[in-house]
Amino acid sequence: MADIKTEIQSIRDFVAPELPGATFKLQNIPDKYKAAELAIELVRSTTNTETASSYRIAQTYQFVYFGTSQLDCLTKMQAVERKMNDKQIIPFGNTARYMRIGSFSLSQSFKTETNGVYAVIGMLEAEIRESRTQVAYEPVNNLEVGTYTDKTAGAWSTLDGTETPNNLNDGYQWTDVEAGTTVQGEVASPDGFTWSDIESGKTVFKEEDE
């Protein structure tokens, strides 16, 4: 998140190449006007909601440039105006953050109360987007996996080819199932079908059972 100091300093750094030799007054209009000075100050800021995770800050900055004549003022500030229109964004130092330029306008230049000093006023409309504070959750650093069996398959032997889950009742083992023997035996399966029959595509029930 940028602060007002960073924002104004970034604006100064942005326009400084267009005003060589100028002195800058940041958030401070001088009491005594001097030629080749530029005062930059924030005059309005409005916040609007965009999404649940972000908001937009609309800001208005005032530029007051003091020069030796009306033409001097306009010439210097028109160079700033052209850069504003050309670049569209003002970066915040070496970070990925920036201010988006909306518009830039200039007033008519005029003579100040200070002898030999003229001035022109520029207004910058800009926008900054900020992310709302989000709840931070601790990341998952370790995951443990446990294997559990219920009372019908209570031994590891049911997984290695010996017992079946219902071994005590049917007397069959997994090796019998793999060999193609029917799990329920002749009494429970009078039709005599085995697992190998099922895998080959035969029906499990007789026609009268379907």
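1. The model contains 10 salt bridges, where a salt bridge is a side-chain nitrogen of Lys or Arg within 4 Å of a carboxyl oxygen of Asp or Glu. The model is predicted: local features need pLDDT of at least 70 and side-chain atom pairs count only at pLDDT 80 or more, while totals for chains, interfaces and linings use all residues. Residues are numbered from 1 along each chain as its sequence is written, and side-chain values use heavy atoms, with hydrogens and water left out.

2. One of the salt bridges joins Glu-50 and Arg-129, at 3.0 Å from N to O. Glu-50 lies in strand β2 and Arg-129 in strand β7, so this pair ties together parts that are 79 residues apart in sequence. Helices (H or I, at least four residues) and strands (E, at least two) are DSSP runs, numbered from the N terminus. Glu-50 is partly exposed at 33% relative accessibility, as is Arg-129 at 43%; buried means under 20% relative accessible area, exposed over 50%, and partly exposed in between (1.4 Å probe, protein chains only). Glu-50 and Arg-129 also belong to a network of salt bridges with Arg-56 and Glu-127.

3. Two further pairs can be listed. Asp-72 and Lys-76 form a salt bridge with their closest N and O atoms 3.0 Å apart; both lie in helix α2, four residues apart, about one turn of the helix. Asp-72 counts as buried at 16% relative accessibility, whereas Lys-76 is partly exposed at 28%. Arg-12 and Asp-13 meet through their side chains at 3.2 Å, N to O. Arg-12 is partly exposed at 26%, and Asp-13 is partly exposed at 47%.

4. Glu-41, in strand β2, deserves a check. Glu-41 is buried yet has no salt bridge, and the nearest side chain of opposite charge, Arg-44, is 11 Å away. Apart from neighbours within four places in sequence, Glu-41 is in contact (heavy atoms within 4.5 Å) with Gln-27, Ile-29, Thr-60, Tyr-61 and Gln-62.

5. The largest nonpolar core has 25 residues, of which Leu-38, Phe-63, Met-84 and Leu-124 touch the most other members. A nonpolar core is a set of buried Ala, Val, Leu, Ile, Met, Phe, Trp, Tyr and Cys residues joined through side-chain atoms within 4.5 Å. Two or more residues come from each of α1 (4-15), β2, β3 (54-67), α2 (70-87), β5 (98-106) and β7 (118-131). Beyond four places in sequence, Met-84 touches Phe-14, Val-15, Phe-63, Ile-90, Ile-101, Phe-104 and Leu-124. A second, separate core of five residues includes Val-64, Phe-66, Val-117 and Ala-119.

6. Thr-112 sits in the loop between β6 (110-111) and β7 and is buried, with a relative accessible area of 11%. Its side chain reaches the backbone oxygen of Val-117 at 2.7 Å, and a polar atom of the Thr-112 side chain lies 3.2 Å from the backbone nitrogen of Thr-114. Leaving out residues up to four places away in sequence, Thr-112 touches Tyr-33, Phe-66, Val-117, Tyr-118 and Ala-119.

7. Tyr-33 is in the loop between β1 (23-26) and β2 (37-51) and is partly exposed, with a relative accessible area of 28%. Apart from neighbours within four places in sequence, Tyr-33 is in contact with Phe-66, Thr-112, Thr-114 and Val-117. Tyr-33 and Ala-119 are 86 residues apart in sequence and 9.0 Å apart in space, C-alpha to C-alpha.

Methods: Lys and Arg count as positive and Asp and Glu as negative; His and the chain ends are not counted. A polar contact is a pair of N or O atoms within 3.5 Å; within protein, one must be able to donate a hydrogen and the other to accept it, and residues adjacent in sequence count only if both atoms are side-chain atoms.
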